[in-house]
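Reader: I am new to this structure and would like a close look at one part of it. Please take me through one chain, and then through what it touches.

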Amino acid sequence: MTETTLRQIRDRHQIIRFFDGYAIERMEELDERKLKRPLVKSQLLEILDGDEVRTPQGLQTILSRRGVHLEPLDEWLFLATDRQTGEIGFLERLRPRIVAIYSTMKSDDFRRCIRHFVLRSPEIDHVLLSGLTFGVLWELVARLSRPHRFTRLVFTHDSIFDIDSASSELEEGEEETFQDSGEEELEQVIERRATSFRLIDRVGVIQEKLEALQKLYSPLYAISQMRFPSPVGRGGHDFYDNGRVTNRSESFRDHRSHLLFVVRIYEQLLKSTEEQAWYSIQESVAVPGQFRKIVGAPVVIRFREPLTPSVFDYWIAATFERKRNRFRLWGHPIRLGPTKVHVYGVDRHLWQPLFLELTAKGCTAIIPNGTCGNTVHRLVTNIQRYLDPGAEAFIGDKPYKQMVEESTQGIPYDLDTE
Amino acid sequence: MTSIPSEPLKDPLFQLNAVLWLTQPLPDGGEIIPLLYARGFTVYAIAPLLGPPPDLRLAAQQAQISMQDMIRPDVVLTHEGDRKFAFTECKASSFSPTSSAAEQARSLLVVAGPRAAEVLGLAPGDISESLLAFVIPEDEEKLLARTLANLHEELEGNRLPAAQFSVLGLQLTDTDVSIVINDLGSAFFALPSGTNPFMKREPDTDPRPLYFIPYDPDVVHSEQEKVLSKRALFERMQSTIVAATGRANPPTELALESQKILNDAMFGMYGHWENRESARHMRRLCRQFMDALTQAVNAVVLGAMVFQPVEVWKISLENEEQHERVIDALTRFSCETLDLRTEPQPGLFDDLEDRGSVQQD
């Protein structure tokens, strides 16, 4: 294929054709182990609900505040550019609150570019897939794929609050993604639990062993990447916990279908999290204006093993005494005991209030009405990643995992439905 | 550092919030066992303003029994399936039949009695059984039960139908907090008679859960408890302001009204206070906090935050850089630096604000 600039592509049909052809070329290059250009990757982003997100012009305004220019190709499809990068890719609204940016940029450049505007925007957030959510998605992969197909899972857990962490490691930084390293000899000696490994095997084999392995070794609950094998050919679609998805298949249409499948589940999950967890004082139906009752449900996260007092102290200090902390939280902890604090704080990414009780055994959160469901997903994801990979979460008395499972009910898994 | 009061069981805010947690959906095996939610009880109304029916008030007057015309039980619980209603009142200690608290208790006994459906504006068949439940430290339980028995007898003796009552005693041990419940309460709430643990407790740890209602100006509590609840209220106001500022897109001017700040911090309960003095007290608290916050912000970005009478604070966010600096100043400020024991001073605009809040009602 001759080099095509994204600006030459003028409509949806041409985009699909371009990316389909591009995907086939990359697969051929992968077969020859000579990748000449980067793979197609998509970044799924959640846009905070509000008036602006409901119109294409509003969406353009939200992105333009972060220096990203959206040039419309059709109602909800845009060419995304910025001054620094030039052509980023195509942005499509997949669901009312979720957009995807399709790009052929190099992986690191794309990640930096997305991070640059997401971190500064209270209206834009990554789609966050926690280990618990991946656990349910894995069950879908096992049902949807033939047992002989190969898949890939990555597990990432790093007990950064455990002991001798260098201070910089406790601050938010580049998202870590699994990379092979040829510099193992240079690896720093850090004595704490850190799990990051890749598992490639047949779907049937993993399905048979995974649950038992997870019970033996809890970091295996912390799935941070997972491949949906492509039903139309070789390879598949690699979903990352921060909403990035790499197309390692021959078909862009299939890639987009998988994005749609997962974001429909995610949108449903956001909706049910917010519906159940939002706390407010509401008027009683019986006598409006007279009686008020409290509605909502707390978010409860329970650790499999209690944290030691020193880990608890380090977690609290590293989170609330640092502006740029991994949990992206702000607040002034009120100490109620050696391993218990109350924090009437804020999710620093979406700037939403969040009231927390943090103890060595877990965390209880009260989410005021209007707080985005992503705040809950970030909390669960970070706790699994940095504190307890086997942590259980509940919204009220309902297990979070059950909520994810219910969010998958009735979501079609077919191609070209939208 | 804010010191933690040692006797939470006597704190009516602890009692109220504990009752609210008992009605929340929670997973099995957790730190709080939602005993009432598990038996089907939910919150029907928080602090509803209720009054005994006029004929009963007249009857009380004729019998020279003093009771309050209007009362606010702390929380009314309901079991929708069984059509049961529990009018719940939290008290730090017992009281004598001649005290002012007894006037309130008489009204509660009447309101929660056989005419409860009428009082709540429901059809007669909507309530199958009602009860007045007092929550009190367990060591005061017997004394209060005796007082209530006296009041009940007095009302019934004067043909004033009164509610059945139960005293729920709160008990604190090294390992948990429990409700001690008598036979009548046990039958009503379908809980075992005796001690029912509902909150686990770690050694040397205050059992207070997160508060839904962090502050109540109408509650009388110790100085230490007042400081703690004021701290929680201020922290929640600060989180409201930090969140609103973080979400703003400069260049813009953010207008923060005391009514909205207080409602956000109190889950909307502020708008519910008809008591003008209480509402005024809350606005003074808001001003006390906001004045200190304004000073802290302006020390970093001169003139970025200004008070605008009647009750609005404006934050100017001219550009990204200033936005960042204002957020830094707002987040660095800690209400621990304030003297939380000092009562807020009357303000020049109190009367104007009263009118403003009345108009908004």
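Author: The centres of domain 1 and domain 2 of chain B, taken over C-alpha atoms, are separated by 35 Å. Domain 1 of chain B covers residues 8–200, and domain 2 covers 223–360; such bounds come from an automatic or database domain assignment. The model is a predicted one, in which local features need pLDDT of at least 70 and side-chain atom pairs count only at pLDDT 80 or more, while totals for chains, interfaces and linings use all residues. Residues are numbered from 1 along each chain as its sequence is written, and chains are lettered from A and ligands numbered from 1 in the order in which they are written.

Helix H8 of chain B spans residues 223–247, and helix H9 of chain B spans 258–265. Helices (H or I, at least four residues) and strands (E, at least two) are DSSP runs, numbered from the N terminus. H8(B) and H9(B) pack with their axes 8 Å apart, at an angle of about 115°. Here axes are lines fitted to C-alpha atoms, for helices over the stretch in contact, and angles run from 0 to 180 degrees between N-to-C directions. With that angle, H8(B) is roughly perpendicular to H9(B); the class takes 65 to 115 degrees, whereas under 35 is roughly parallel, over 145 roughly antiparallel and the rest oblique. The crossing of H8(B) and H9(B) is right-handed, a term for a near helix turned clockwise from the far one by less than a right angle, anticlockwise being left-handed.

On the H8(B) side, Leu233(B), Arg236(B), Met237(B), Thr240(B) and Ile241(B) meet Ile261(B), Asp264(B) and Ala265(B) of H9(B). Two residues are in contact if their C-beta atoms, placed from the backbone, lie within 7 Å. This contact of H8(B) with H9(B) has five nonpolar residues, one polar and two charged. Ala, Val, Leu, Ile, Met, Phe, Trp, Tyr, Cys and Pro count as nonpolar, Asp, Glu, Lys and Arg as charged, and the others, Gly among them, as polar.

Pro250(B) and Pro251(B) are joined by a cis peptide bond, with omega about 0°.

Two other loops of chain B hold residues with a positive phi. Arg83(B), which is not a glycine, has a phi of about 55° and sits between strand S2 (75–79) and strand S3 (84–90) of chain B. Ala190(B), also not a glycine, has a positive phi of about 55°; its loop runs between helix H7 (183–189) and strand S7 (194–200) of chain B. Arg83(B) is partly exposed, with 15 other C-beta atoms within 10 Å. Ala190(B) is partly exposed as well, with 15 other C-beta atoms within 10 Å. A residue with 20 or more such atoms within 10 Å is buried, one with 12 or fewer is exposed, and partly exposed lies in between.

Chain B also touches chain A: 42 residues of chain A are in contact with 42 residues of chain B. Strands S12 (278–283) and S17 (340–347) of chain A are among the elements that give two or more residues to the chain A side. S17(A) supplies the largest share of that side, five residues. By class, the side of chain A that touches chain B has 22 nonpolar, 12 polar and eight charged residues.
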